[in-house]
Amino acid sequence: MTAMIAEMVAGAGNAIRIDGRPIGDDRNIDLLLFAHAEATRLCADTDGLRADPPADGALYYVTLAAERGHPEAMALYPDVAFREFKSLSALVDAADEVERRRNRATQMLSVAVRSGEPAALLAMSRAHDADGWLTPDPARALGFWLAFSETPMHRRFPDSLTSEHVRKLEQTASAEERAHARALARELQQPAVDPSEAPRQ
C-alpha cells in the first residue's frame with residue numbers, strides 16, 4: 001500500500017486532489033493509510049464471504065443485525081440506508097421510503113448512543129454536520145464529536161485528520177454553541193445504559 005501511494009504521488013503530482021489538497025499532502029497520505037488499515041481490520045477472516053458473496057446486500061444484513069440489538073450495526077445503518085438513491089431525483093421519487101429510513105436511522109442511532117457505542121457518537125456527529133442527513137446543528141455535531149474523541153475507537157484515527165476536523169467543527173459553531181457542545185459531551189460521557197431493542201419495521 002505504501003509503495004502504491006508513493007507511485008501515485010510521483011505520477012499524479014497535483015492532478016489528483018482529495019478535499020482540495022494534492023494527493024501527496026501529508027493529511028491525504030494519512031487518510032489513505034488509515035482507510036487501508038481499517039479495511040484490512042474489517043475484512044479479516046472474510047475470505048469465504050468474498051469467494052462466495054451472499055445474495056443479499058449490506059442493507060439487509062446491517063438492518064438484521066441492528067434489529068437484533070447490535071449497537072455497531074445500528075450506528076452503521078445510516079451509512080447503508082441511502083446508498084441506493086444515486087441522485088436527488090431518486091431521493092424525491094422514493095420520498096416515503098427515504099423518510100421511513102431516515103426516521104429508523106434516527107431511532108437506531110439514539111439507541112446505540114444510549115448504549116455507549118463509540119461508532120454511534122461519530123455517526124451522530126456526522127449526521128448533524130453541514131452536509132449530514134439530519135438538520136445541521138453545529139452544537140450537536142461538535143458535542144457528539146467531543147464525546148467520541150474520548151473513546152478508544154477515536155485513537156485509531158490519525159491525529160492530522162482528527163485535529164483538522166475538530167477545528168472545522170469549532171469554527172462553524174458560535175461561542176454559545178461551543179459551550180452547549182461541551183455540556184452535551186459531558187452528558188454523553190456518563191455511564192452507558194443497557195441498549196433496548198432496536199426499532200423494527
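Colleague: Why does Glu-38 count as buried?
Modeller: In this predicted model, Glu-38 has 15% relative accessibility. Buried means under 20%, so Glu-38 counts as buried.

Colleague: What makes Arg-41 and Glu-38 a salt bridge?
Modeller: Their side chains meet at 3.0 Å, N to O. The cut-off is within 4 Å, so the pair qualifies. Arg-41 and Glu-38 are 3 residues apart in helix α2, which means about one helical turn separates them.

Colleague: Is Arg-41 buried, partly exposed or exposed, and how do you know?
Modeller: Arg-41 has 39% relative accessibility.

Colleague: What about Arg-101 and Glu-84?
Modeller: They form a salt bridge at 2.9 Å, N to O. Arg-101 lies in helix α7, Glu-84 in the loop between α5 and α6, so the pair ties together parts 17 residues apart in sequence. Salt bridges with shared partners join Glu-84, Glu-97, Arg-100 and Arg-101 into one network.

Colleague: Why is Arg-101 called buried?
Modeller: Its relative accessibility is 9%. The limit is under 20%, so Arg-101 counts as buried.

Colleague: How many salt bridges does the structure hold?
Modeller: There are 8. One of them joins Asp-25 to Arg-27, with the closest N and O atoms 3.0 Å apart.

Colleague: What is the volume of the largest pocket, and which residues are closest to its centre?
Modeller: The volume is about 1800 Å³. Of its 49 lining residues, Leu-42, Leu-76, Asp-79, Leu-122 and Arg-126 are the closest to the centre. The lining divides into 27 nonpolar, 8 polar and 14 charged residues.

Key: Residues numbered from 1 in each chain as written. Predicted model: local features only at pLDDT ≥ 70, side-chain atom pairs only at ≥ 80, totals over all residues. Heavy atoms only, no water. 1 Å grid on protein atoms, 1.4 Å probe; cavity = no way out; pocket = protein on both sides within 12 Å on 5 of 7 lines; lining within 4 Å. Points joined across faces, edges and corners; volume = space filled by probe spheres on them. Nonpolar A, V, L, I, M, F, W, Y, C, P; charged D, E, K, R; others polar. Helix = DSSP H or I, 4+ residues; strand = E, 2+ residues; numbered from the N terminus. Buried < 20%, exposed > 50% of the residue type's maximum accessible area, 1.4 Å probe, protein only.
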